[in-house]
Amino acid sequence: MAKGAVEIIIERCKGCGFCVEFCPTKVLALSPAFNAKGYHAPHVVASDKCSGCDLCGMFCPDFAIHGWREKKASA
Amino acid sequence: MSTELIHPENPVEQFLRSDRIPHIWCPGCGIGTTVNCFTRALIDSKANLDKLAIVSGIGCTGRVAGYLDLDSFHTTHGRAIPFATGLKLANPDLSVVVYSGDGDLFAIGGNHFIHAARRNVDIKVVCVNNLVYAMTGGQTGPTTPGSVVTATNPYGTFEPSFNLPQLAEAAGAVYVARWTTFHVRQLARSMYEMFQKKGFSFIEVLSPCPTLYQRRNKMGDGLDTMKSYKEKSKKRDGAPTSEVPLTRDGEIVVGKFVDRERPDYLTLMKAQFQASLGERYQEPEMHSGCEFEQSEIDGGTICQ
Ligand SMILES: Cc1ncc(C[n+]2csc(CCOP(=O)(O)OP(=O)(O)O)c2C)c(N)n1
Ligand code: SF4
Ligand code: SF4
Ligand code: SF4
Ligand SMILES: [Mg+2]
């Protein structure tokens, strides 16, 4: 099971690709779909690889994505 | 009801004036990335937000203060440092941060920068350096390296540029570091260290302006710039600041260059007054926040 997860606020994204490029485990890719402003937001393509490191959250200039570590004892 | 798991909020969110988001910064602009780092440093240093003020000048970077839900001051162009100095002297308990652009801090505001550093006023200065005056259309500024095409140098720049860490050190800053927006963890760490420091502290952050700098110079977009930061940066903590000038395509030396102690402005002032006035010197009473006494004057109220 993945150790972490991300939340993406699609409508805030401007499609810069920072999160996709610098995710250490390549969890993300830009989606072919457009958001309302015409940008391609990221989507998760390898959820099992997410460590929850939140590097995507540190990089995102638009505050549109962040990651967190899942608690171990989450039943 | 949603069946979604409850998860932690983005750490930046609690610091944003959410009614102002989305912000105006272009796709691939690095300013927002520096804001993430700044908020992580606020969290890590357990900063008392009631005792913290953030002051910006004018420019794309100057917008930072307005997007943060802190005691924020969006001042006039070039005058963030004098404004911050006044805040600090009137209320020494405050932690005062100046967050502004390279043009604001080193062109119109350059004079204020060197004198605040010389006096060692206890303020923390973050300069987002995108190498141009971005907000007004990408004109050449004092940090623009040579052989770069700008709005005002269509045939390329030729005047020498400032090496900001060297300038800051020579003028007297006690803490000097440089990172790029690629170095998110290191930048957050430096900002945290800056909060622990007493005295004039300076962090330069190299940041993409794809719209007005990179595009004009065929350097690609924000992501291309981030990749080039990754490729060209060399970490050299303690490097002599004379050895870290920036050029158009050359190596980018990053790291912490200066971390020293000097008595700050208020300490020097007190020492001098005590030496010359002896017993007659009385510490001024410092007010803080809303503890001010209100008194009525001409029908209005003022703090005194
Ligand atoms: C007194 C005055 N002169 C000039 C301007 C026009 N002006 C606005 S922002 C700016 C430069 C901003 O450059 P910088 O500080 O590098 O910020 P950036 O937009 O690059 O983040 C200038 C010259 C102004 N607003 N006020
Ligand atoms: S939290 Fe870390 S591992 Fe997960 S998507 Fe973001 S950068 Fe990748
Ligand atoms: S870093 Fe942010 S703005 Fe850029 S593509 Fe990822 S989510 Fe979108
Ligand atoms: S003009 Fe440049 S600095 Fe200003 S928001 Fe756009 S990319 Fe950022
Ligand atoms: Mg600038």
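Q: How many residues of chain B are in contact with chain A?
A: Contact here means heavy atoms within 4.5 Å. This is a predicted model, in which local features need pLDDT of at least 70, side-chain atom pairs count only at pLDDT 80 or more, and totals for chains, interfaces and linings use all residues. Chain A brings 23 residues to the contact, and the number from chain B is 33.

Q: Which residue of chain A forms a salt bridge with E13(B)?
A: A salt bridge needs a side-chain nitrogen of Lys or Arg within 4 Å of a carboxyl oxygen of Asp or Glu. The count between the chains is three. In the one formed by E13(B), the closest N and O atoms are 2.7 Å apart, and the partner is R12(A).

Q: Which residues come nearest to ligand 2?
A: Let's turn to the ligand. Chains are lettered from A and ligands numbered from 1 in the order in which they are written, residues are numbered from 1 along each chain as its sequence is written, and side-chain values use heavy atoms, leaving out hydrogens and water. A residue counts as near if one of its heavy atoms lies within 4 Å. Of the 13 residues around ligand 2, the nearest are C23(A), C50(A), C53(A), D54(A) and C56(A).
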